[in-house]
Amino acid sequence: MSVDVRIPTILRTYTGGEKAVTAEGATLAEVVADLEANHPGIGERLLDESGLRRFVNIYVNDEDVRFLAGLETAIADKDSITILPAVAGG
Amino acid sequence: MRYNSLLDSVGHTPLVGLPRLSPSPDVRLWAKLEDRNPTGSVKDRAALAMIDQAERDGLISPGSILLEPTSGNTGISLAMVAKQRGYHLVCVMPENTSPERTQLLTMWGARIITSPAAGGSNEAVRVAKEIAIENPDWVMLYQYGNPANALAHLESTGPELLADLPTITHFVAGLGTTGTLMGVGRFFRDAKPDVQIVAAEPRYGELVYGLRNLDEGFIPELYDESLLTTRFSVGPRDAVRRTRELLEVEGIFAGVSTGAILHAALGMAAKAVKAGEPADIAFIVCDGGWKYLSTGAYEGTLDEAEDSLDGQLWA
């Protein structure tokens, strides 16, 4: 599966400044592994030993993966993945 | 309806059906018109509850100075309550909020300290926390962590919804301080546990996410993920499109954050239709569109509106 992944400003040092990159994988975990293979260092900014880092939000087709299947969320061709840091509203 | 004072009239807002936007007679959308509160936003509930609680706790008395980080609406609500109760209010507000919010805050007597646009409300929270340390006699009610914020919705918004719509299946609201969703979510967890609690989180332009590193992220202390069924990120294009649709189709003139909420509500409605299940989906109209007229959200093409909202805190 090939998907577009939107990268937040603070992680673009790993993608050569690219706002969006293409990645492969049938699950989110595989997509993150593919990101790491092509953009070394980005993986550990997204994950720690417990899974998704506390201040990192990842959305598949705009839905927060924490309410889907987390890193095991199935990814289909042409899904859109967005990575964002947690920020305050209000 | 008669009330003894303006503050007594906070809440008790109408719930109106949206017969034209609802996908079928079995899957219905309902708008909770929080713009009918005294300052025209849902934040009146939390502001009044936080000040009431601080008074009961003996933290404030007339003449006290209140401090609050706010992107605008909570500040406006606090200023309205503060003016009537004899408090002074200092708001820390990001500089990339609409000028109407500054005008309204000033009108209700608040003093404004601006925080840098980059980093959005995160920066306002950080600056306010610094100011609080420098001014130990000022009282920061702190909407992001004050239990009275969520409690206001547990005690008023939730029961109002259930009374008006006993068949409710979904509740959809914006995720800012998380107070509305946490309070209403907690209410339904006890009162009607099968109600789905759905968050619509505004996705701003890049400037707002301009943190120096990921460890500077922010999650409100009130947030309890276990109360939510799911959470959607809604960008400005969908938010504006739905805001305009709500006006065009149902005649409701709402702010842009309401468009984001409606987008999530329509997503849940589509799922219900697909599953062949009846649904009564209630969502929050946070405020009217008045404060956002200058943002460009209501004029021109969607592309133009999207461009002009980029970098602004539109929710």
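Let's start in chain B. Strand β1 (residues 15–17) of chain B and β2(B) run antiparallel, joined by 3 bridges. Helices here (H or I, at least four residues) and strands (E, at least two) are DSSP runs, numbered from the N terminus. Two strands pair if DSSP finds at least two bridges between them. One partner pair here is Gly17(B) with Trp30(B) in β2(B).

A word on the source. This is a predicted model: local features need pLDDT of at least 70, side-chain atom pairs count only at pLDDT 80 or more, and totals for chains, interfaces and linings use all residues. Residues are numbered from 1 along each chain as its sequence is written, while chains are lettered from A and ligands numbered from 1 in the order in which they are written. pLDDT is the predictor's confidence in each residue, from 0 to 100. Chain B averages 95, and 99% of its residues score at least 70. The model has ipTM 0.94 and pTM 0.95.

Back to β2(B). Strand β2 spans residues 27–33 of chain B, and 6 of its 7 residues are buried. Buried means 20 or more other C-beta atoms within 10 Å of the residue's own, with C-beta atoms placed from the backbone. β2(B) also runs parallel to strand β10 (residues 279–285) of chain B, with 7 bridges. There, Lys32(B) sits opposite Ile284(B).

Next, the open sheet. It has 4 strands in chain B, ordered β5-β4-β3-β6, with parallel pairing. Which strands are at the edges? β5 (111–115) and β6 (139–140) of chain B, each pairing on one side only. Strand β3 (residues 65–69) of chain B pairs with β6(B) over 2 bridges. Leu67(B) stands opposite Met140(B) there.

Now two helices. The axes of α7 (residues 236–250) and α8 (residues 256–275) of chain B come within 7 Å and cross at roughly 95°. That makes α7(B) roughly perpendicular to α8(B); the term covers 65 to 115 degrees. Axes are lines fitted to C-alpha atoms, for helices over the stretch in contact, and angles run from 0 to 180 degrees between N-to-C directions. Residues meeting here include Leu246(B) from α7(B) and His263(B) from α8(B).

Last, the chain contact. Residues are in contact if their C-beta atoms, placed from the backbone, lie within 7 Å. Chain A gives 21 residues and chain B gives 35. On the side of chain A, β7(A) has the largest share, 3 residues.

Conventions: Contact = placed C-beta atoms within 7 Å. Parallel < 35°, antiparallel > 145°, perpendicular 65-115°, else oblique. Buried ≥ 20, exposed ≤ 12 C-beta atoms within 10 Å, placed from the backbone.
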